[in-house]
Amino acid sequence: MATDLRISNISKIYPGCIANDNVSLQFKSGKIYALLGENGAGKSTLVKILSGVISPDNGEVFLNEKNLKLSSPLDAKKNKIGMVFQHFNLFETLSVFENLSIDATEDNKSLRVRINEILKKYNFSINLDVPVLNLSAGQKQKVEIIRCLLRSPKVLIMDEPTSVLTEQETEELFISLKKFCDEGILIIYITHKLKEVLSLCDEVAVMRKGKVVSVSQTQNEKVETLASKMVGQKLAKIKKKINTSKNKDEIFKVKHLNFYSDDPFETNLVNLNFSLKKGECLGIAGISGNGQNELFQILSGEIITPNTSIIFRNKEIAKLNPKQRREYLMAFSPEDRISQAAVPELKIYENVALNNFKSSNFFEKGLVNERKIKEHSKKILSDFSVNTDNVELKSQFLSGGNLQKLILGRELITAPELLICYNPTWGLDVGAINYIHETLIKINDEEKSTILISTDTEELLKLSDRIAVIYKGKLSKIMPSVEVTPEKLGILMGGGSID
Amino acid sequence: MEDLLIKIEKRNDVPTTLYFFTPFIAIILTIIGGGIIFYTLGFNPIEALKFYFITPISNLYGFSELLLKATPLCLIAIGLSFCFKSNNWNIGAEGQLTFGAIVGGGVALLFYNQEGFYILPLIIIGGAIGGMIFALIPAILKTYFNTNEILVSLMLVYVSKLILDYLVVGPWSNPEGFNFPETRQFSDSARMPLLFEGLRIHAGIFISLAAVFVSWFVLYKTYLGFQIKVSGLSLKTAKYAGFKGKTMILIVFMISGACAGMAGVGEITGPIGQLHRMISPDYGFTAIIVAFLGRLNPFGIIFASLVVSLTYLGAETAQIFLQIPQYTGQVFQGMILFFLLASDYLLFFKIKFQNFNKNELRH
């Protein structure tokens with residue numbers, strides 16, 4: 001029987017951000033649909049609504065013209081909507097069969113028969129009796145898919161399924177998905193990878209800032225057209241004065257940066273080389289999960305990689321830890337401001353003390369100098385217009401914007417020569433974003449350098465002097481930002497190549 | 001078929017006052033639970049509880065015994081609080097206590113026929129070093145070989161107990177001891193001075209009290225304490241701030257081991273006066289309960305050590321007056337931990353009930 005899924009006028013508003021703005025889409029079985037968009041475009045919110053994880057503020061979902069009330073994941077299961085998330089929900093120490101039998105409603109014997117039928121039909125080779133932890137990421141994903149298939153789904157939603165897969169596993173997945181599609185299962189494929197959309201999907205809906213901006217047949221699309229739809233023709237309004245002087249001193253140079261990890265959720269970095277001049281901002285663009293996390297941690301010294309050379313102000317610092325790098329006047333603002341850059345349970349002044357350096361005198365002879373730390377914190381609160389002057393406040397009570405101002409303030413008040421920040425405006429409101437952008441421009445004007453790792457292309461185009469794109473752990477060539485257009489970035493971020 | 005679906009959600013802000021108040025709730029619940037157990041055993045619960053909790057401390061001797069048992073519990077728990085606050089799960093304080101007692105006892109035996117003011121300090125230092133070395137084993141294995149410190153520290157408890165066993169039966173056994181598994185009596189210079197004539201409470205209590213103040217100072221007033229606090233709350237942040245994670249693990253284990261080792265020395269140079277097989281009624285394990293009941297706060301730990309010490313005494317009186325086994329002490333200690341963890345769970349999470357119909361899933 002044909003399946004028809006219709007989303008009608010869905011809206012979901014979070015404080016300070018509209019995640020879904022009046023989204024309407026229609027899907028019919030027999031086709032594979034792509035939902036394409038950058039980070040924060042609203043894809044995940046939409047699929048969470050379809051799978052009952054969150055409820056929309058407005059709007060309805062119809063399956064075969066029946067109005068669905070999806071108030072929990074169970075409702076989605078009952079209505080035959082299956083979902084495979086990017087991160088697996090499996091018990092690592094239980095066997096494959098035990099994992100599958102947990103929420104099954106039939107006895108083990110008939111369940112095993114049915115699972116074996118599925119394995120045979122789709123040519124999956126998985127040993128049902130080994131613990132899940134012994135499986136590869138691709139096999140774990142198959143277990144998740146089997147779990148959905150056992151409920152004979154009408155709709156199967158795949159959320160960024162290839163982010164943890166190898167090329168080989170990706171090909172196998174595509175073959176299976178095409179088979180499911182031929183059998184009448186409606187497939188919705190969430191991704192930001194342009195090539196995958198073109199090779200796998202029949203129709204593509206592009207989302208940007210919570211809205212559906214285009215629905216089209218993939219056969220009429222090319223990497224370039226999709227990229228410009230995904231990134232949008234957003235031209236930066238306030239653009240910083242580009243720093244072009246060629247004769248400035250080189251302040252920072254990275255050579256042979258390689259990183260290899262056994263963890264499938266981490267990205268390997270392959271031979272990154274770049275350098276930075278005084279007063280310059282180097283932007284590193286990319287869809288999240290392409291190695292930015294690892295790059296940030298290596299630049300900050302949280303991860304030490306062998307055979308890498310990092311020269312900062314003519315000194316080799318590749319073997320130094322973050323605290324030692326700070327002594328050389330580097331500063332770091334990580335992406336995760338809530339649980340990494342600060343500790344929510346600690347008071348503001350205690351969080352300020354995290355950036356401890358020799359001249360700060362926060363800890364004299366190993367003792368806490370509370371008076372000094374508090375004085376210093378008060379100065380940060382007023383200099384960086386954080387909307388409180390109470391340094392005893394626990395930082396969990398600060399809004400995202402104020403917390404980020406506190407963190408940037410803490411990092412910048414030491415007058416560092418180089419600031420490395422990762423998604424500094426992620427999730428903030430417009431006012432806070434502008435404030436932080438102005439601050440970042442100001443430090444470049446003061447001849448201090450910045451490395452801006454960001455998933456927000458608009459921000460990168462506005463703030464960077466030169467831009468490179470990181471994709472699957474590899475860095476593109478570094479381009480002067482005057483030559484970069486949103487389309488070019490979009491193509492590189494989606495794994496395409498230009499010129 | 002209607003089923004209840006239980007949903008568990010994290011509470012965002014737990015008031016500090018309530019956080020320090022829940023241990024009292026746990027103690028009250030333990031007393032009620034104990035009353036119920038006594039009732040089912042056929043005793044008058046009020047009478048039995050009175051024997052358990054009031055009688056033992058109703059005279060000076062009893063009070064001295066309370067402090068005597070609280071002394072090692074408090075000292076070990078103070079050491080453990082350094083580990084637990086920084087997310088290092090040292091479960092083997094009993095082993096560190098035993099090994100500290102072995103080294104300290106070895107020093108005492110070396111001087112068995114000598115007198116001198118320097119002997120006792122040497123024994124105490126020996127005990128601290130012994131405990132420290134024994135605690136360094138799980139710490140080094142954790143930092144350099146990624147082993148799990150819970151398992152290693154726990155298993156080492158049995159290793160140290162077997163070493164003690166071997167020594168008191170074999171090479172260190174008293175030559176005039178008719179092959180009893182015990183060493184010579186220590187000389188008077190190797191014994192903790194008694195505080196009062198006729199009572200067993202000894203000078204070891206000052207070591208525990210000093211540990212309380214020193215640990216308060218270190219935890220709240222020094223850079224080391226700040227690093228311990230941050231690492232306990234968020235390892236990610238500690239890494240980002242550039243704290244030397246490995247060194248810190250070694251330091252907290254050394255502090256913890258030294259405290260446990262000194263507690264062991266306190267026992268053998270205090271009430272026992274020699275080495276034999278049973279130098280500790282599992283103080284090292286019970287101190288884990290003490291540390292958590294005291295909320296890992298130095299002054300909370302004083303209070304908790306007194307409460308838990310009372311369960312040891314109560315068990316002894318209950319055995320004498322009610323003819324029930326001494327092991328009821330462990331039942332009470334277990335109940336305290338159980339009720340503490342349970343009330344913590346309710347403190348940090350809320351439970352919601354929702355109805356859902358399971359049959360609908362089958363179609």
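Biologist: What should I know about the model and its numbering before I start?

Modeller: The model is predicted, so local features need pLDDT of at least 70 and side-chain atom pairs count only at pLDDT 80 or more, while totals for chains, interfaces and linings use all residues. Residues are numbered from 1 along each chain as its sequence is written, and chains are lettered from A and ligands numbered from 1 in the order in which they are written.

Biologist: Let's begin with chain B. How many helices and strands does chain B have?

Modeller: Helices (H or I, at least four residues) and strands (E, at least two) are DSSP runs, numbered from the N terminus. Chain B has 13 helices and two strands.

Biologist: Which radius of gyration does chain B have, and what would a compact globule have?

Modeller: The radius is taken over C-alpha atoms, and the globule rule is 2.2 Å times the number of residues to the power 0.38. For 363 residues that rule gives a value near 21 Å, and the 23 Å of chain B agrees with it. The C-alpha trace of chain B spans about 85 × 60 × 40 Å along its principal axes.

Biologist: And how do I read burial and contacts?

Modeller: A residue is buried if 20 or more other C-beta atoms lie within 10 Å of its own, exposed if 12 or fewer, and partly exposed in between, with C-beta atoms placed from the backbone. In chain B, buried residues make up 46% of the 363. Two residues are in contact if their C-beta atoms, placed from the backbone, lie within 7 Å. Of the chain B contacts with a separation of 6 or more, 77% join residues 24 or more positions apart.

Biologist: Which residues touch the most other members of the largest nonpolar core?

Modeller: First the general idea: in soluble globular proteins, nonpolar side chains tend to be buried together. A nonpolar core is a set of buried Ala, Val, Leu, Ile, Met, Phe, Trp, Tyr and Cys residues joined through C-beta atoms within 7 Å. Here the largest one has 228 residues, and A:I187, A:Y189, B:I76 and B:A77 touch the most other members. Helix α3 (residues 60-85) of chain B gives the most to this core, 14 residues. Beyond its neighbours within four places in sequence, B:I76 is in contact with residues including B:A93, B:L97, B:C259 and B:Y283.

Biologist: How many residues does each domain of chain A give to their contact?

Modeller: Domain bounds come from an automatic or database domain assignment, which gives domain 1 (4-231) and domain 2 (250-493) for chain A. Their centres, taken over C-alpha atoms, are separated by 34 Å. Each domain gives 13 residues to the contact. Helix α8 (residues 223-231) gives the most to the domain 1 side, with six residues. A:S228 lies in that helix and is partly exposed, with 18 other C-beta atoms within 10 Å.

Biologist: In what order do the strands of the open sheet in chain A run?

Modeller: Strands of a sheet pair through backbone hydrogen bonds, either parallel or antiparallel; DSSP must find at least two bridges between them. Four strands of chain A form an open sheet in the order β12-β11-β14-β15, with antiparallel pairing. The edge strands are β12 (269-277) and β15 (315-316), each pairing on one side only. Strand β11 (residues 250-259) pairs with β12(A) over six bridges, and A:F259 has A:L269 as its bridge partner.
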